[in-house]
Amino acid sequence: MILLDHVTKKYPTDPHPALDEVSLHIEPNEFVFMVGKSGAGKSTVIKMITKEENPTSGNITVGGIDLKYVKKRYIPHYRRRLGVVFQDFKLLPNRTVYENVAFALEIAGFSSREIKNTVPKVLEIVELSDKAKKFPSALSGGEIQRVAIARAVARQPKILIADEPTANLDVLTKSEIINLLQRINDSGTTVLVTTHDENVVNNLRKRVITIKDGRIVADQKDGGVYRLDRASAEAAARAAALARAQAVGEAQARAEQVIRNAEAQGRTNLFNDRPQPVRRVRTMKTEKRPLSETPLYSIRQAKPKKAAPINVMTSRDPFAVATSVKAPRKASSISTKSKKTMKPKRSVI
Ligand code: ADP
């Protein structure tokens, strides 16, 4: 239905191409989201399809028509085959809803009988029959957008293109508009929607073409999601993981320093300034307990080379350092001095 074949578009005033070798094929009756940040090239794709602009190189075929053969004077005829809802679309302020839709048919050459038949049906589709006599100033943002869609679909085009149709609308109205576009698509119209609204795209799970810097960077045929935001989310996750790894590294470094200081001072117990006799530790029989249950201070005494690094230095999670080290079971068995010194030392780790 729509075919872009290695399309490049360079605007004279812009050194970078707005579109760079873009190729895409949209099948009849597809519902496609084209997403990307502002300046990515979405509007330029639409301008290529509507022949508002010509490509610098490459071919465009729409509904079997090769656009390079559409002469200037036939462009209005060609455009009548398309329904387009522009982002900055304005309704005629001094005409009613009915007249605004009727006007679109008038300029397309419909007879007054055809207009009388068609407009009520279209207003019914967009659920605005009861607002037919209202002027645009009396309509909400969502209703204005529905009139714009009604105007675009009144001629029953095979292709409907909507440029940011949900911009500046609240969540509920956005979903009404998208439901309406879905219904139009269900009736056999190919729908191409540009947006940078992540929720709209991710809720519908349609084909999603992602444009970045004038290139297609992703084309998800079904169940698509907004790739750019996903990429941002992944970048954020990577940054968080890096920060986390750094935090772990810092925690490890601090732990190593604490151990080195303790060892330099001849201490074998991190939480007790006073060196403990090794014999006393052996009588505590802590070696057979699972590591997680073993108090840090006794491990350090019993197996100073292995036990302390396991609890303090090899943990992947800096928070796990605190949680994996259990407090001594019998606090009363620790000397008053060691109880006093316990808190500050643990907080260092
Ligand atoms: P989007 O619709 O994704 O926001 P556009 O297609 O409007 O992106 O723009 C793509 C690039 O082309 C941008 O860098 C923009 O500045 C440039 N551009 C768009 N229209 C023109 C123009 N008429 N003249 C010069 N540069 C333009």
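1. Start at K51: just after α1, this residue takes a positive phi of about 60°. Helices here are DSSP runs of H or I with at least four residues, strands are runs of E with at least two, and both are numbered from the N terminus.

2. A quick caveat: this is a predicted model, where local features need pLDDT of at least 70, side-chain atom pairs count only at pLDDT 80 or more, and totals for chains, interfaces and linings use all residues. Numbering runs from 1 along each chain as its sequence is written.

3. Helix α1 (residues 42-49) is mostly covered, with six of its eight residues buried: K42, T44, V45, I46, M48 and I49. Buried means 20 or more other C-beta atoms within 10 Å of a residue's own, exposed means 12 or fewer, and partly exposed is in between, with C-beta atoms placed from the backbone.

4. K42 and T44 also turn up around the ligand, along with Y11, T13, D14, A18, G36, S38, G39, A40, G41 and S43; the cut-off is a backbone-placed C-beta atom within 6 Å of the molecule.

5. The buried set in α6 is K174, I177, I178, L180, L181 and I184. They cover an arc of only 155° around the axis, so they sit on the same side of α6; the arc is taken from the directions from the helix axis to the C-beta atoms. The face turned away carries exposed V171, L172, N179 and D186.

6. Just after α6, G188 takes a positive phi of about 110°.
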